[in-house]
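Please keep the sequence and the structure in view while reading.

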Amino acid sequence: MARIPPRLIFLILPVLAAVLMYHLDELDPVSYPDHELPRYNQPLFIPKRNSRMLQATEMIGDGQLFLPEDIDYDPKTGIIYTGCADGWISRIDILAPESSATVEKWVNTGGRPLGIAHGPDGEVLVADADKGLLKVSKEGVIELLTDKAEDIKFKMANAVVIGPNQMIYFTDSSFKYSIKDHILDIFEGRPNGRLLSYNPVTKETKVLVRDLYFPNGVTLAADQQSVIFCETPMRRCRRYYVEGPREGSNDMFVENLPGLPDNIRYDGEGRYWIALCMEADIWVVVQGYPMLRKVARIVKERVGEWIRTDRNGGVIAIDVHGKPDEHYFDRKTRMVSSAMKIGEHLYCGSIVLQCIIRVNLTQNPATPTI
């Protein structure tokens, strides 16, 4: 029998090892259905842009906020509430100068608070990825409202908003993967998410829309007839009607966004502000090939971190008709998770920073696209 040259063995072994790792890896990604992908190949036209979003940016609570994901504002007190990765819901007085703005660690949920919404009686509603849908009284007492629907436990309660008649609407991004493995849900390519409602009177939790692709932020529409929610990997926002002649149905609000959407907020002035955690270019390629998503997962397991593709994060402003208006971004901006316009400022959360970003829109405006 002929001997196999040692050089050939050294060439073959890495290939065999790679093939073995590929087949043994537990992630089983599938193709995203063609009919679910954006219908238009052309980039979304945005009339105004600011590609240097970080210029003259203020860092609020720098070093005191551990990955503040979502933010909500109480106009009565001038205080922002945000949920952090260490379990703390913190409060920041934004009316104070940047140098004197203090961070108060208010309550700790013992989980990962994501979505934040103020209730009518001073309470704060929290979509906690680990715990479920919570209510925190103004005295700081935490109450679990719900953690399952149709006997399926939430794995990643993500965003929350209060609608007409005090009905609570929220997203469960995945009933399969927890927050620490959220990227696997996106890489898998299956619709594991749901949009839900919770009735505080009857205590009923109801699934409104199922089979969603990582549903994320949710906000009440300007006319209060619907809620608008983001589907992160699909780069789109859908609209679910909660009142009126179309109650119970849903349709497309905006699609083919230039980045992957996270949270969405209505500013009360005719525009929705959608946080884009990263640009879409690389994801569009990876999304089309399950094999690339699996290889990326294997590389992460071998080197301990994901391949960095999270550049050009930012915020896009959409009008009430679903038409884009302004796009703020920066090559160095990473993983913007929320955006809320308060006065002339835009406040942004992030899942990689230890502060809230404040941008003065008057001094740092988006300009017409040439």
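In this predicted model, four strands form an open sheet in the order E3-E4-E5-E6, with antiparallel pairing; strands here are DSSP runs of E with at least two residues, helices are runs of H or I with at least four, both numbered from the N terminus, and two strands count as paired if DSSP finds at least two bridges between them. The edges are formed by strand E3 (71-74) and strand E6 (103-108), each of which pairs on one side only, and the twist averages 25° from one strand to the next, taken between N-to-C directions of axes fitted as lines to C-alpha atoms, on a scale from 0 to 180 degrees. Strand E4 (residues 79-83) and strand E5 (residues 88-93) run antiparallel and are joined by five bridges, and within this part of the sheet Ile-80 stands opposite Ile-92 in E5. Strands of a sheet pair through backbone hydrogen bonds, in either a parallel or an antiparallel manner.

Residues are numbered from 1 along each chain as its sequence is written. Local features need pLDDT of at least 70 and side-chain atom pairs count only at pLDDT 80 or more, whereas totals for chains, interfaces and linings use all residues, and side-chain values use heavy atoms, leaving out hydrogens and water.

Val-352 lies in the loop between strand E26 (345-350) and strand E27 (356-360). Its relative accessible area is 30%, so Val-352 is partly exposed, a class that lies between buried (under 20%) and exposed (over 50%), with a 1.4 Å probe and protein chains only. Leaving aside residues up to four places away in sequence, Val-352 touches Leu-67, Arg-334 and Met-335, where contact means heavy atoms within 4.5 Å. Between Val-352 and Met-335 there are 6.5 Å from C-alpha to C-alpha, although they are 17 residues apart in sequence.

Taken as a whole, the protein has four helices and 28 strands, and buried residues make up 53% of its 370 residues.
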